[in-house]
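Reader: Hi! Could you help me get to grips with this model?

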Amino acid sequence: MSDAEWARVRDLLPVPAWMAGRGGRPEGYCHRQMIDAVRYLVDNGIKWRAMPCDFPPWPRVYAFFARWRDAGLAAELHDRLHEAVRRSEGRSPESSSAPAH
């Protein structure tokens, strides 16, 4: 993930409880690593267990993904990035489609 891509999504991610003073212990992996791992998985069509050792262990990556998915964050990230791409192309941020017949 480029620094520009990371800057666009960083503020959308939830602040870990320990950083917000709500207790708990620090997370072992940064969010950028987790997003990179999920993007690799999707881009290459691999199974979770086939995650290369360059990334955090697959159970940790999956746990982050599942937590973000269940909180609606995965859809929110997709929607915001989709809107940004459309704006950069000079198009309306909202997709338009032909009416259903």
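Reader: Is Arg39 buried, partly exposed or exposed?
Author: Arg39 counts as partly exposed, at 39% relative accessibility. Buried means under 20% relative accessible area, exposed means over 50%, and partly exposed lies in between (1.4 Å probe, protein chains only). Keep in mind that this is a predicted model, where local features need pLDDT of at least 70 and side-chain atom pairs count only at pLDDT 80 or more, while totals for chains, interfaces and linings use all residues. Residues are numbered from 1 along each chain as its sequence is written, and side-chain values use heavy atoms, with hydrogens and water left out.

Reader: Thanks! Which residue forms a salt bridge with Arg39?
Author: That is Glu5, and the closest N and O atoms of the pair are 3.3 Å apart. A salt bridge here is a side-chain nitrogen of Lys or Arg within 4 Å of a carboxyl oxygen of Asp or Glu. Glu5 lies in helix 1 (residues 3-9) and Arg39 in helix 2, so the pair ties together parts that are 34 residues apart in sequence. Glu5 counts as partly exposed too, at 36% relative accessibility.

Reader: And how many salt bridges are there by that rule?
Author: The count comes to five. Among them is Arg69 with Asp70, at 3.0 Å from N to O. Arg69 counts as partly exposed at 38% relative accessibility, whereas Asp70 counts as exposed at 60%. Another one of them joins Arg91 and Glu89, at 2.9 Å from N to O.

Reader: New topic: how many helices and strands does the protein have?
Author: It has four helices and zero strands. Both are DSSP runs numbered from the N terminus: helices are H or I with at least four residues, strands are E with at least two.

Reader: At what angle do helix 2 and helix 3 cross?
Author: The axes of helix 2 (residues 31-44) and helix 3 (residues 58-70) cross at roughly 95° and come within 10 Å. Axes are lines fitted to C-alpha atoms, for helices over the stretch in contact, with angles from 0 to 180 degrees between N-to-C directions. The two helices are therefore roughly perpendicular to each other, a label for angles of 65 to 115 degrees.

Reader: Which residues meet there?
Author: His31, Met34, Ile35, Ala37 and Val38 in helix 2 meet Arg60, Val61, Phe64, Phe65 and Trp68 in helix 3. Contact means heavy atoms within 4.5 Å.

Technical notes. Parallel < 35°, antiparallel > 145°, perpendicular 65-115°, else oblique.
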